[in-house]
Every structure is written in structure tokens, then in C-alpha cells.
Amino acid sequence: MDTKLKGDIAEQAVILHALKQGWNVLKPLGDRLPYDMVFDIDGKFIKIQVKGAWFDESRQNYVADNRRTKTNRRVMLREKYHETDFDFAIIYLDKIQVFYILPIHVFISYSSEIHFVESEKRQRKPKSAEYREAWHLLKSAIQ
């Protein structure tokens, strides 16, 4: 499965979850904006960037890139997102159907990758753990 298909699956999973919450979902035309969709929650708009995470066998955790990827025919360019690009990043772990909801300032604070540890064998939880299934952050952002 290629990365574009994985991204499409992640986006559809996020849309399905939002619709089940009774939220409206707006999708921009094309791929040129720094966000993938907008949630309309109680008349307030929240820009969302969706990322699909992959499982890193060697580290035994999930990984998502937190950079914007632009491609042309021969070159793949990566650049950092800016605080004004979107409001929340939602990372989807397809293999176990788990979402992480990170405010933009948290998402861009990582260097280039974010690691999500789903194992209970660690002595302390990583800082990303507080954003696991943190859908309430979206509701609190509009209040």
C-alpha cells in the first residue's frame, strides 16, 4: 500500500469519526493548502491536517512525519508547518484504529517525526500519550 493510499484511508477514518460526532466536514479542492479539511463544530471552523502513522518494527512504535511534503515529477521537498497553517493535526494509527489529536503548536514542536508508543511496558508514558483520542480538545477550542 503506497503512502497516498494510506493518507486517503486516514482522512476517511477522520471524516467518519467527525460525522458520527454530528460535525460538518468541509474538504478543500486540490492538494495545495496546508490543511486537509475543516470541521464545522457548532458554527465554528477548525482547520485539520491529517497524517497516517506507520509501524516501525525496529522501534516497536508508530511514527508520523510532521513535515509538509511537496512533490513534483522528480523531487520530494519537505518543509516545516507554521503555526498559522492549521489548528489541529489528527494522526491515525490504521493498524489499531487509534487517533491522536494534537494542537498545532504541539505538532510542530517535534523535530521531524512523532513517535506514538502503544505498548504498556514502558515505565513512563511519552508526552504524546495525553493526545490519544483527545477529541475533547476540538470542542474546547471553539468555546
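Mentor: Happy to! In this predicted model, R68 is buried yet has no salt bridge. The nearest side chain of opposite charge belongs to E79, 4.5 Å away, and a salt bridge would need the side-chain nitrogen within 4 Å of a carboxyl oxygen. What the side chain of R68 does have is a polar atom 2.8 Å from the backbone oxygen of R32.

R68 sits in strand β6, residues 67-71. That strand pairs with β7 (residues 76-80) in the antiparallel sense, over 5 bridges, and the two form a hairpin with 4 residues between them. Within this pairing, K70 has L77 of β7 as its bridge partner. Leaving aside residues up to four places away in sequence, R68 touches R32, L33, P34, L77, R78, E79 and Y81.

Y81 leads us on to the aromatic rings. Y81 is buried, with a relative accessible area of 7%, and F107 is buried too, at 0%. Their ring centres are 6.0 Å apart with the planes at 55°, so the pair is tilted. The pair links distant parts of the chain, with Y81 in the loop between β7 and β8 and F107 in helix α2, 26 residues apart.

Across the whole structure there are 9 aromatic pairs. Among them is the tilted pair of W23 and F39, 5.6 Å centre to centre with 40° between the planes. W23 lies in the loop between α1 and β1 and F39 in strand β2, so this pair ties together parts that are 16 residues apart in sequence.

Conventions
Residues are numbered from 1 along each chain as its sequence is written. This is a predicted model: local features need pLDDT of at least 70, side-chain atom pairs count only at pLDDT 80 or more; totals for chains, interfaces and linings use all residues. Side-chain values use heavy atoms; hydrogens and water are left out. Buried means under 20% relative accessible area, exposed over 50%, partly exposed in between (1.4 Å probe, protein chains only). Lys and Arg count as positive and Asp and Glu as negative; His and the chain ends are not counted. A polar contact is a pair of N or O atoms within 3.5 Å; within protein, one must be able to donate a hydrogen and the other to accept it, and residues adjacent in sequence count only if both atoms are side-chain atoms. Contact means heavy atoms within 4.5 Å. Two strands pair if DSSP finds at least two bridges between them. Rings of Phe, Tyr and Trp (its six-membered ring) pair if their centres lie within 6.5 Å; planes under 30 degrees apart count as stacked, over 60 as edge-to-face and the rest as tilted.
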